[in-house]
Structures are given as structure tokens and as C-alpha cells.
Amino acid sequence: HTRYISVTGVQTCALPIYMDINVLGLSCLTNKAAGLSDKTINHEEVMEINLQTSQVLHKLIKNIVEDI
């Protein structure tokens, strides 16, 4: 089930879905609940999360592609 929605992901997938093309969307949430706290969001934190998750995402994508 969906817990998070990426606005850009929805727009990117609209046409392929309309054309009956299977779509798989992956997102890396780098600033969950952004704007809901008093803490200032900065680019360095976003890049750190991307770095931390990049190897996991790489393995996940590799496994998905191998299964296709």
C-alpha cells in the first residue's frame, strides 16, 4: 500500500500507465515530513541520505532488472 506520494512520480507515470505499459516507481525519501518541524532543511542532509541509501537502491534495482 502507498504511504508516500511523489508528485513528480505521478506525472511521470501517467502516460505509460494510460498506454498500458507496466511502471515501477522507486523514490528515496530524503526529508520525510519536510516543513512539519521547526528544523531547517538543508541540501547537505539530503545528499547524506542519498549517499547512505545509494548502495541499497543499487542492489535493489539490479535484482529487479535481473528478474525481468
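This is a predicted model: local features need pLDDT of at least 70, side-chain atom pairs count only at pLDDT 80 or more; totals for chains, interfaces and linings use all residues.
Trainee: What share of the residues counts as buried?
Mentor: The accessible surface of the chain comes to about 6,400 Å², and 58% of that belongs to carbon and sulfur atoms. To count as buried, a residue has to be under 20% relative accessible area. Of the 68 residues, the share that counts as buried is 3%.

Trainee: Is Ile17 buried or exposed?
Mentor: Ile17 is found in helix α1, which covers residues 7-18. Together with Leu15, Tyr18, Met19, Ile21 and Val23, Ile17 forms a nonpolar patch on the surface, with about 660 Å² of accessible area together. The cut-off for exposed is over 50%. Ile17 has a relative accessible area of 53%, so it is exposed.

Trainee: Where does Asp20 lie, and what is its phi near?
Mentor: Asp20 lies in the loop between α1 and α2. At 70% relative accessibility, Asp20 counts as exposed. Its phi is positive, in a residue other than glycine, and the value is near 60°.

Trainee: Which residue caps the N-terminal end of α2?
Mentor: Look at the backbone nitrogen of Glu44: a side-chain oxygen lies 3.1 Å from it. The residue that supplies this oxygen, and so caps the N-terminal end of α2, is Asn42.

Trainee: Where is the kink in α2 centred?
Mentor: Helix α2 runs over residues 43-67, 25 residues in total. From first C-alpha to last, α2 reaches 35 Å, close to the 36 Å expected at 1.5 Å a residue. There is still a kink of about 45° in α2, and it is centred on Thr53.

Trainee: What separates the C-alpha atoms of His43 and Thr30?
Mentor: His43 is found in helix α2, and at a relative accessible area of 53% it is exposed. His43 and Thr30 are 13 residues apart along the chain. Their C-alpha atoms are separated by 9.8 Å.

Trainee: Which side chains meet in a salt bridge?
Mentor: A search of the whole structure finds 1 salt bridge. Both partners lie in helix α2, 4 residues apart, about one turn of the helix. Residues three or four places apart in an α-helix point the same way, because there are 3.6 residues a turn. The N to O distance is 3.9 Å, and the side chains are those of Glu66 and Lys62.

Trainee: How exposed are Glu66 and Lys62?
Mentor: Exposed needs over 50%. Glu66, at 52% relative accessibility, counts as exposed. Lys62 is at 47%, so it counts as partly exposed.

How values were computed. Residues are numbered from 1 along each chain as its sequence is written. Side-chain values use heavy atoms; hydrogens and water are left out. Patches are made of residues with over 30% relative accessible area and no salt bridge: like charges are joined within 9 Å, nonpolar side chains (Val, Leu, Ile, Met, Phe, Trp, Tyr) within 5 Å. Accessible areas come from the Shrake-Rupley method with a 1.4 Å probe; for residues, only the protein chains shown count as cover. A salt bridge is a side-chain nitrogen of Lys or Arg within 4 Å of a carboxyl oxygen of Asp or Glu. Helices (H or I, at least four residues) and strands (E, at least two) are DSSP runs, numbered from the N terminus. Buried means under 20% relative accessible area, exposed over 50%, partly exposed in between (1.4 Å probe, protein chains only). The expected span of a helix is 1.5 Å times one less than its number of residues. The bend at a residue is the angle between axes fitted to the seven residues ending there and the seven starting there. A polar contact is a pair of N or O atoms within 3.5 Å; within protein, one must be able to donate a hydrogen and the other to accept it, and residues adjacent in sequence count only if both atoms are side-chain atoms.
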